[in-house]
Every structure is written in C-alpha cells, then in structure tokens.
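This report describes strand pairing and the surroundings of a ligand. Please consult the sequence and the model shown below.

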Amino acid sequence: MSHPAPIRPQPRPSRGRAFRAANGEVFRLRAIHPDDVSGLQRAFARLTPEQVRQRTFHRMRELSTEAATRLVRVDPAQGVAYVIVDAAGEIRGEARFHLDADRPSAEFAVITDPALAGQGLGRALMKRLVSEARKRGLHELWGTVLAQNAQMLDFSRLLGASRELVADEPDVVRVRFDLSRRLRRL
Ligand SMILES: CC(C)(COP(=O)(O)OP(=O)(O)OC[C@H]1O[C@@H](n2cnc3c(N)ncnc32)[C@H](O)[C@@H]1OP(=O)(O)O)[C@@H](O)C(=O)NCCC(=O)NCCS
C-alpha cells in the first residue's frame, strides 16, 4: 500500500498565475497545497456522479478526508498536482501527473467543475501539466480513460493526444500526449 508523502513544513499556498476563462471570470492556477483538504472535498461534492466514475473508475459519494489528504500531499519526486481556484478560493479544477518509474513519462488526470464546462479550465490545466512535464524532460503524458467517456476523449483529441486500445481491457482507452511534438493547442 502506498503511504502519503511526509509533509515538510509548508509555506503558504502559492498564489499561482491568473487566467481569464471564456466567460470573463478570472481564476488562479496554482500548485495544490496541504491546506486544500476540505476545499478538495467540497470540489468533489460538486462533481456529477458520472464525472466521479470517470475520474476514479468507481462510484463514490464523497471524498474521505484520508483520500483528500493523500491527494494534497504530493511528493515532487513523484509528480505534481495543480488546482484552479475562483475568486472566493474555491477549487474549480484539478490536474496531476505521476511519474512512471521506468520511463521518462507520467500518467495524468484532469477534472473540472461541471458548472464551468467549456470555459477553458481543462485546457489551462493540461497546458500547465505539459509545460511542467517538458521542464522535467518527460517524453510523454498518458492517461487511462473509460471508452465511453466521449467528453474526455474528444477533449484530449482536440488538444493533440493520440489514443490506443489497451490489450485485454475493452472498457478503457489510453490517450497519449507525445511531448516531442509541438502541441499547437497547448
Ligand atoms: C474533459 C474535461 C476536463 C474538459 O474540461 P473543460 O474545462 O470543459 O474543457 P475546456 O473548456 O478547457 O475545453 C478545451 C477544449 O476541449 C473541448 N471540449 C471540452 N469538452 C468537450 C466535450 N464534451 N466535447 C467536445 N469537446 C469538448 C472544448 O470545446 C475546447 O475546445 P475549444 O477551445 O476549441 O473550444 C471535463 O469535461 C471533465 O472534467 N471531464 C471529466 C474528467 C475525466 O473524465 N477525467 C478522467 C480521465 S483523466
């Protein structure tokens, strides 16, 4: 079983970078922080049951404090996680990657608040992941998506990912961002 990374003394959450969504609202994109436990739980509660299943591959009614604590404690040697927060400080999107042990690649995941679909939050998060992955010299970001998750498949195709079937797993598709290529929309 994996244990949460030990917490080092944490500075305050970085303010991150401002960005304007398609509806004109200004958000900030910043690294996730250990203080985000309850914020992440509230953000989870705003997801649709379908989104929860797509992201976790399970039906879950709530994000336990234990699970949220694991998600906010990111060991930089293993990966990164970012959130998008609104003017009130509420988390409206989250994305992360976890480094593969044996290759210069990482598994990513992204999710945004359904009330803000199509406003550019997902793209902003992917852009940040790709930029950080390139900085770390990674060649690829990949993700496992349910085959029926047309939203995520369309989103990643639009942003330049290829997709492939996974042997013996007809229910899932693997999407891949080849970081050696120019990803025009990211
Ligand atoms: C997929 C998801 C991240 C998209 O987030 P979003 O904030 O709505 O996306 P954006 O507004 O940044 O859209 C980026 C592009 O993708 C397109 N897009 C977004 N949702 C789409 C959809 N349902 N169908 C087709 N295209 C879509 C947008 O049109 C946009 O293209 P444009 O800039 O040319 O308009 C969001 O719907 C989500 O959280 N889905 C569930 C997440 C999930 O399944 N995660 C598990 C696997 S990682």
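The sections below cover the basis of the model, the strands and the ligand shell.

## Basis

The model is predicted: local features require pLDDT of at least 70, side-chain atom pairs count only at pLDDT 80 or more, and totals for chains, interfaces and linings use all residues. Residues are numbered from 1 along each chain as its sequence is written.

Helices (H or I, at least four residues) and strands (E, at least two) are DSSP runs, numbered from the N terminus; two strands pair if DSSP finds at least two bridges between them. Strand E1 (residues 17-20) runs antiparallel to strand E2 (residues 26-31), with 4 bridges joining them, and Ala18 lies opposite Arg28 in E2. Their hairpin has 5 residues between the strands, and Gly24 adopts a positive phi near 95 degrees.

E2 also pairs with strand E3 (residues 79-85), antiparallel and over 4 bridges. Here Ala31 faces Tyr82 in E3.

## Strands E6, E7 and E8

Strand E8 (residues 169-178) is joined to E6 by 7 antiparallel bridges, and Leu141 has Phe177 as its bridge partner in E8. E8 pairs antiparallel with strand E7 (residues 162-166) as well, over 5 bridges. The hairpin of E7 and E8 has 2 residues between the strands, with Asp168 in the turn at a positive phi of about 65 degrees.

## Ligand shell

Of the 22 residues around the ligand (C-beta atom, placed from the backbone, within 6 Å), those that come nearest are Gln54, Gly122, Arg123, Gln151 and Asp154. H5 provides the largest share, 5 residues. Helix H2 (49-56), strand E5 (105-112), helix H4 (121-135), strand E6 (140-146) and helix H5 (150-158) each contribute at least two residues.
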